[in-house]
Amino acid sequence: MLELQNLHVYYGAIHALRNVCLKINEGEIVTLIGANGAGKTTVLRTISGIEKAKSGKILYNGQELNSRSASDIVKLGISHVPEGRRVFSAMSISENLEMGAFTRSDKSQIKKDLDNIFSLFPVLLERKNQLAGTLSGGEQQMLAIGRALLSRPKLLLLDEPSMGLAPLIVKDIFSIIRDINKEGTTILLVEQNANMALQCANRAYIIKNGRIDIEGNAQALLNDEQVKNAYLGG
Amino acid sequence: MDQFIQQMVNGISLGSIYALIALGYTMVYGIINLINFAHGDIYMVGAYVGFALTTFLHFSFFPALFISMLVCSILGIIIEKVAYKPIRNSTRIAALITAISVSLFLEYGMMYFVKAETRTFPALLPNKQINLFHTNIVLDIRNLYIIFVTISLMAILQYIIYKTKVGKSMRAVSLDRDAAQLMGIDINKTISYTFAMGSALAGAAGVLVGTYYNSINPLMGVAPGLKAFVAAVIGGIGIIPGAVFGGFFLGITETLVSAFGGSLYKDAVSFTILIFVLLVKPNGLLGKNIKEKV
Ligand SMILES: Nc1ncnc2c1ncn2[C@@H]1O[C@H](COP(=O)(O)OP(=O)(O)O)[C@@H](O)[C@H]1O
Ligand SMILES: [Mg+2]
């Protein structure tokens, strides 16, 4: 479904991604893990068209995405939940969700999808007229995911959805991610919580200093001595 | 008391002009963090378009107002595309220098075409004084027109910003540009809409001032532009209600200071208030620090 071929990305003089190759098949949960500053967020931002690759290719169902605008990429079915959630804090929860459906014009279908989001996250329905900035971290994460789903993505990019959340809520978020995948959405999950991510994913890539260091079956990596020592806290 | 009410109406009318111009400053700042120093000159262009339409083509007030707003919104879009878009990711000082250059270009470009002399704007509105409810309060009809047009435009703006897709995308971009992009919002289009709306309001202010004072010149945008900028900062730059509040606040203050004997000091009072506000509430009177939640 998505293929990154020999991707190089720079921030000025900083060479953030070096020769990154990565593949996601339809229906999978693929996780990209690695230390802080390794380049995980940059991978997602480049797929979404916010950063531009210096060289290499991004292929989505055979189509090259490199020169597409961020808004075209959303229309093609890729939706991105950014690191730190980035809800529109001074807008209400319903307005945030409305923004998620920005590229769509099928009003009655949007209404149905909105009802689905509210049944997935009842807490959002209760507070739909409240400003998003007043929600707790976990609720903001749910809002950010709901907002991303409203563009009807075929591929959902999630950047550290567990960041800063209490363990119980992290469990909820991961179970929601699995549910979304079961409904047919392919997922690329970026995480620092490598343990949880590997348990949830089918396949995994480990990125180190902007390069893909290790790739493989998630279950296998979970039991790999080298990975255990380096990323799973021994 | 009668005197006070009359002066309040004058103040609200002057404040309307400041508020209309301040809105454009604040909307543009909210979306691209740029102080558009050419904004006062767009107001001047609006006045000249109104002048040309009414003097040479004999348009009446409302059609002239509408076409002026349209011309200014197109001018605003062009200025952004030609001058500001190429330097969007440059330093703030580069942006500032560009904005000042655009301002000088509009002022002296206009002077080249229409000469530097002051022109007489036709009296479009009935210059009539009315007694309010048979009291001694005398009101100038033109003030009421200014206030009426301003309030209507603000109501329309409010509607656009809070109820339409374009307005919501403007708010989203000003809150978080990257997140807005991830929603599929086209940033370039949204910035164009913002310049169009802000410039249209300045154009309206230009026509209103032309009909009120009956005289216009190519440098007429400098002083009100600066005052409106002060108003936007007092209210909290980037915050739309702040611009409205700051505009009316400054207009009323200046009028009352002049009316009660201090006309020489009115500018000094304005800038003293600005300094005071910046010392006490650097984000403006309606500004607040939005804390991020984790
Ligand atoms: N906007 C930026 N400007 C300059 N350097 C950046 C920027 N964003 C990220 N970087 C650098 O790129 C590298 C990768 O960052 P990032 O993709 O955010 O890593 P991760 O998400 O894995 O923590 C880091 O060295 C970081 O300092
Ligand atoms: Mg990151």
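A polar contact is a pair of N or O atoms within 3.5 Å. I note at the outset that the model I examined is a predicted one.

**Entry 1: polar contacts of ligand 1**

I looked up A:Gly37 and found one of its backbone N or O atoms 2.7 Å from an oxygen atom of ligand 1. For A:Ala38, I recorded a polar backbone atom at 3.2 Å from an oxygen atom of the ligand. In A:Thr41 the side chain takes part: an N or O atom there is 2.6 Å from an oxygen atom of ligand 1.

I then checked how much of the ligand is covered. Taken alone, ligand 1 exposes 560 Å², and the protein buries 61% of that area.

**Entry 2: the shell around ligand 1**

I asked which elements of chain A give two or more residues to this shell, and noted strand E2 (14–24) and helix H1 (40–47). The largest share, 3 residues, comes from H1(A). I listed the surrounding residues, among them A:Tyr11, A:Ile14, A:Ala16, A:Asn36 and A:Lys40. Sorted by class, the shell has 5 nonpolar, 5 polar and 1 charged residues.

**Entry 3: two helices of chain B**

Two packed helices are described by the angle between their axes and the distance between the axes. I looked up helix H6 (residues 165–175) and helix H8 (residues 187–213) of chain B, which pack at about 105 degrees with axes 10 Å apart. Angles of 65 to 115 degrees count as roughly perpendicular, and H6(B) and H8(B) are therefore roughly perpendicular to each other.

On the H6(B) side I found B:Val166, B:Ser169, B:Met170 and B:Val173 in the contact; H8(B) contributes residues including B:Ile187, B:Tyr193 and B:Met197.

Note on methods
Residues are numbered from 1 along each chain as its sequence is written. Chains are lettered from A and ligands numbered from 1 in the order in which they are written. This is a predicted model: local features need pLDDT of at least 70, side-chain atom pairs count only at pLDDT 80 or more; totals for chains, interfaces and linings use all residues. Side-chain values use heavy atoms; hydrogens and water are left out. A residue is near a molecule or strand if one of its heavy atoms lies within 4 Å of it. A polar contact is a pair of N or O atoms within 3.5 Å; within protein, one must be able to donate a hydrogen and the other to accept it, and residues adjacent in sequence count only if both atoms are side-chain atoms. Accessible areas come from the Shrake-Rupley method with a 1.4 Å probe; for residues, only the protein chains shown count as cover. Helices (H or I, at least four residues) and strands (E, at least two) are DSSP runs, numbered from the N terminus. Ala, Val, Leu, Ile, Met, Phe, Trp, Tyr, Cys and Pro count as nonpolar, Asp, Glu, Lys and Arg as charged, and the others, Gly among them, as polar. Axes are lines fitted to C-alpha atoms, for helices over the stretch in contact, and angles run from 0 to 180 degrees between N-to-C directions. Angles under 35 degrees count as roughly parallel, over 145 as roughly antiparallel, 65 to 115 as roughly perpendicular and the rest as oblique. Contact means heavy atoms within 4.5 Å.
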